[in-house]
Amino acid sequence: MSETGIPNENSRPGPKLTDSTSLAIQKRVAALYEANRDAVYRFLLIRGLESATAQELTQDTFVQFFIALSNGTMIEAERAWVYSVAAKSAVNHWRREGRFNHVALEASPELLASLQSNQPTPEDVLIENQRIRRVDAQLALMSDMQKAAIHLRLQGLRYRAIAQVLQISPSTVSELLSGAITRLRSIANE
């Protein structure tokens, strides 16, 4: 409202919220903030912002989220919305500053460590799949007796029990498994 009591563009009141609606919005924002603040902060650091600026813009992003919900804005993909607002905030910051800082990840080991995934890389997955195919091909070349001995050993049976099931001596079981395991190990480690 202006000094004269007449509403102006900047002071439009949003919809009236009930206490329960306001509390629900606060909880929704708090949950999203707790789950995503560190990731949004790192995202802004990657965009080249200094730590203090990234912290400020992270908080501003979640404040904007709260305001949007309080004004009745329907947000379906909340995380995407938050990242979009954070990215736009970073762009606006750089426009105001008139410069862009390049961030070398090697210069910030803690940032680099925070970005590393525990998931295997596509190369690791490919190498593992190739290893499995080699082992599978080697298994196909083994005798039925060796395959049966390996299968029984994988089921937890001891050599003596395997010998009884296959009706061979325990020393033969030992020879079958020893040879098979040696070949499988060499193939798996190629």
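Predicted model: local features only at pLDDT ≥ 70, side-chain atom pairs only at ≥ 80, totals over all residues.
The chain has eight helices and zero strands.

**Overall picture**

- Going along the sequence, you get the pattern α-α-α-α-α-α-α-α.
- The chain runs to 190 residues, and buried ones make up 25% of them.
- Take the contacts between residues at least 6 apart in sequence: 58% of those join residues at least 24 apart.

**The largest nonpolar core**

- This core has 19 residues, and Leu 49 is among those with the most contacts inside it, along with Val 40, Leu 44, Ala 54, Phe 65, Leu 69 and Val 82.
- Helices α1 (19-46), α2 and α3 each put in at least two residues of this core.
- The top contributor is α1, which gives seven residues.
- As background, nonpolar side chains in soluble globular proteins tend to be buried together.

**α2 against α3**

- Helix α2 (residues 51-70) and helix α3 (residues 78-97) have axes that come within 9 Å and cross at roughly 130 degrees.
- On the α2 side, the contact is made by Thr 53, Leu 57, Thr 61, Phe 62, Gln 64, Phe 65 and Ala 68.
- On the α3 side, the contact is made by Glu 78, Trp 81, Val 82, Val 85, Ala 86, Ser 89, Ala 90 and His 93.
- Sorted by class, the contact of α2 with α3 has nine nonpolar, five polar and one charged residues.

**A closer look at Ser 89**

- Ser 89 is found in helix α3.
- With a relative accessible area of 10%, Ser 89 comes in under the 20% cut-off, so Ser 89 counts as buried.
- Leaving out residues up to four places away in sequence, Ser 89 touches Leu 57, Thr 61 and Gln 64.
- Those partners, Leu 57, Thr 61 and Gln 64, are also on the α2 list for the contact with α3.

**α6 against α7**

- Helix α6 (residues 144-154) packs on α7 at an angle of about 135 degrees, with the axes 10 Å apart.
- That makes α6 oblique to α7.
- Here the crossing of α6 and α7 is right-handed.
- From α6 the contact draws on Met 145, Ala 148, Ala 149, Leu 152 and Arg 153, and from α7 on Tyr 159, Ile 162, Val 165 and Leu 166.
- By class, the contact of α6 with α7 has eight nonpolar, no polar and one charged residues.

**α7 against α8**

- Helix α7 (residues 159-166) and helix α8 (residues 170-188) pack with their axes 8 Å apart, at an angle of about 100 degrees.
- Angles from 65 to 115 count as roughly perpendicular, so that is the label for α7 and α8.
- Tyr 159, Ile 162 and Ala 163 of α7 meet Pro 170, Val 173, Ser 174 and Leu 177 of α8.
- This contact of α7 with α8 has six nonpolar, one polar and no charged residues.

How values were computed. Residues numbered from 1 in each chain as written. Heavy atoms only, no water. Axes fitted to C-alpha atoms, helices over the stretch in contact; angles between N-to-C directions. Helix = DSSP H or I, 4+ residues; strand = E, 2+ residues; numbered from the N terminus. Contact = heavy atoms within 4.5 Å. Nonpolar A, V, L, I, M, F, W, Y, C, P; charged D, E, K, R; others polar. Buried < 20%, exposed > 50% of the residue type's maximum accessible area, 1.4 Å probe, protein only. Core = buried A, V, L, I, M, F, W, Y, C linked by side-chain atoms within 4.5 Å. Parallel < 35°, antiparallel > 145°, perpendicular 65-115°, else oblique. Left-handed = near helix turned anticlockwise from the far one by under 90°.
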